Amino acid sequence: MAVPFPDDFLWGAATSAYQIEGAPLADGAGPSIWHRFAHTPGRVAGNETGDLACDHYHRALDDVALMAELGLDVYRFSLAWGRVLPEGRGAVNRRGLDFYARLVDALLEHDIQPMATLYHWDLPVALHERGGWLNPDSPHWFADYAETLFRALGDRVPFWITINEPWVVTVPGYLDGQLAPGHRDLFEPPRVAHHLLLAHAEAVAVYRTLGRQQIGLAVNLEPQHPASPSPADLEASRRRDAFINRWFLDALMFGRYPEELADIFGPAWPEFPAKSLEQIRCRGDFVGVNYYSRGLVRAAPDVAPLGAVRLTPSDAELTTMGWEVYPKGLTETLLWLRDRYANPPLYITENGAAFDDPPPRNGRVEDPRRVAYLRAHIRAAAKALEQGVDLRGYCVWSLFDNFEWAEGYSKCFGLYQVDPSDQTRRPKASARFYREVMASRGAAA
Ligand SMILES: N#[N+]C[C@@H]1[C@@H](O)[C@H](O)[C@@H](O)[C@@H]2O[C@H]12
């Protein structure tokens with residue numbers, strides 16, 4: 001492939017604490033809402049939990065050596081809030097903080113740049129019991145936690161992501177109840193979202209006084225396409241675009257929410273004070289883009305609150321998550337960000353696919369569909385770069401097969417298969433492919 005990727009383009013892979021670390025209560029760590037949620041019968045497929053996951057908490061240094069052998073430029077991971085602050089506030093747990101310091105130092109020793117996500121969904125239970133993200137103090141709790149990490153690791157971590165996918169924290173967490181904390185309430189999501197945005201802005205403000213590197217927000221984005229040219233489907237597609245793609249970014253970039261949200265939430269949509277909207281207005285240094293697929297939208301007036309449903313195309317290739325393989329949507333998303341928000345610096349902080357991989361044969365795991373998915377999406381990113389998008393990096397989701405939230409371990413996104421019997425990491429064909437892509441600075445895609 002003709003290579004538009006600049007030499008300083010960062011190739012990486014991504015994980016998150018609860019999905020790979022295991023040992024959620026080790027060394028003084030406080031429980032998170034995901035520890036509680038996974039241990040609540042019926043919440044996770046097969047009642048699986050992150051108690052062991054990929055045992056990364058005990059294997060981190062070996063895993064960093066594996067990342068170096070793979071050839072990563074950057075490694076995106078998350079910090080478990082409850083490891084560092086077991087009560088979510090107050091006393092620091094040195095052993096928890098030391099785990100992350102060792103991880104960061106090992107990455108740097110292997111010339112891998114750390115990209116640290118402060119919050120990847122695992123709120124300390126102690127804070128949830130104070131109302132969690134519904135509590136107006138939650139932005140201050142988060143900013144204090146962020147400051148603790150900035151002071152401890154800010155000299156060594158060049159990239160910070162405040163919150164991973166605030167939309168997923170808000171909607172599956174508080175509207176439809178699929179993810180922790182499993183609430184189902186129309187009135188809670190708007191307040192949770194507002195507090196998450198205030199939390200991001202407060203953490204960025206603290207970082208500006210302490211740090212000199214890069215800080216941003218990672219958002220899940222998916223282009224919305226009407227299932228037909230009918231006015232109803234066009235309107236439903238526009239509503240879903242506001243609900244998923246513009247809710248958080250318009251607030252950050254413009255200091256205002258999309259007007260569709262007041263229609264969608266109706267009486268559940270509060271009047272937000274202008275002052276707090278101005279506080280939220282905060283571009284940050286980059287936008288992290290988590291892209292997986294597109295939405296094909298049909299109007300569904302009886303489906304509250306959106307009045308829209310996402311269709312699964314009958315003639316499309318699907319991942320085991322039921323998502324359409326749609327690489328063109330990545331180019332479309334990146335160009336949309338360029339045009340709507342004045343070409344902000346972007347990192348693709350997650351892109352990948354779940355497929356049912358075969359067991360290893362002669363120590364090798366063949367995953368040709370994931371190789372094809374990654375190649376197509378890297379090429380789609382290249383198309384956006386060639387059109388002037390300020391894209392600076394790409395992280396595969398994920399380094400390892402891991403705990404896929406409410407799906408448990410049944411959905412495998414990894415470049416490496418993890419043997420549950422002994423935690424052996426086995427590279428898949430996609431790991432070998434991605435190593436070539438990185439070594440060739442994109443040309444092998
Ligand atoms: N589902 N799925 C895969 C992946 C999930 O494992 C990540 O934790 C999230 O940030 C985002 O949803 C994407």
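Tutor: The discussion below concerns a predicted model, and it treats a helix contact and then aromatic pairs.

Student: Why is helix 10 called roughly parallel to helix 13?

Tutor: The axes of helix 10 (residues 231-254) and helix 13 (residues 328-340) cross at roughly 30° and come within 12 Å. Angles under 35 degrees count as roughly parallel, so helix 10 is roughly parallel to helix 13. Their crossing is right-handed.

Student: Which residues of helix 10 and helix 13 meet?

Tutor: From helix 10, Asn245, Arg246, Leu249, Asp250 and Phe254 meet Trp336, Leu337 and Arg340 of helix 13. By class, this contact has four nonpolar, three charged and one polar residues.

Student: What makes the aromatic pair of Tyr18 and Phe403 edge-to-face?

Tutor: The structure holds 45 aromatic pairs. In the pair of Tyr18 and Phe403, the planes are 85° apart and the centres 5.3 Å apart. Ring centres must lie within 6.5 Å, and planes over 60 degrees apart count as edge-to-face, so both conditions hold for Tyr18 and Phe403.

Student: Why is the pair of Tyr18 and Phe403 said to tie together parts of the structure?

Tutor: Tyr18 lies in helix 1 (residues 17-20) and Phe403 in the loop between strand 11 (391-397) and strand 12 (416-418), so the parts tied together are 385 residues apart in sequence. Both Tyr18 and Phe403 are buried.

Student: Why is the pair of Trp81 and Tyr145 called stacked?

Tutor: The angle between the planes of Trp81 and Tyr145 is 5°, with 4.5 Å centre to centre. Planes under 30 degrees apart count as stacked, therefore the term applies to Trp81 and Tyr145.

Student: How do you know whether Trp81 is buried or exposed?

Tutor: Buried means under 20% relative accessible area; Trp81 has 0% relative accessibility and therefore counts as buried.

Methods. Residues numbered from 1 in each chain as written. Predicted model: local features only at pLDDT ≥ 70, side-chain atom pairs only at ≥ 80, totals over all residues. Heavy atoms only, no water. Axes fitted to C-alpha atoms, helices over the stretch in contact; angles between N-to-C directions. Helix = DSSP H or I, 4+ residues; strand = E, 2+ residues; numbered from the N terminus. Parallel < 35°, antiparallel > 145°, perpendicular 65-115°, else oblique. Left-handed = near helix turned anticlockwise from the far one by under 90°. Contact = heavy atoms within 4.5 Å. Nonpolar A, V, L, I, M, F, W, Y, C, P; charged D, E, K, R; others polar. Phe/Tyr/Trp six-rings, centres within 6.5 Å; stacked < 30°, edge-to-face > 60°. Buried < 20%, exposed > 50% of the residue type's maximum accessible area, 1.4 Å probe, protein only.
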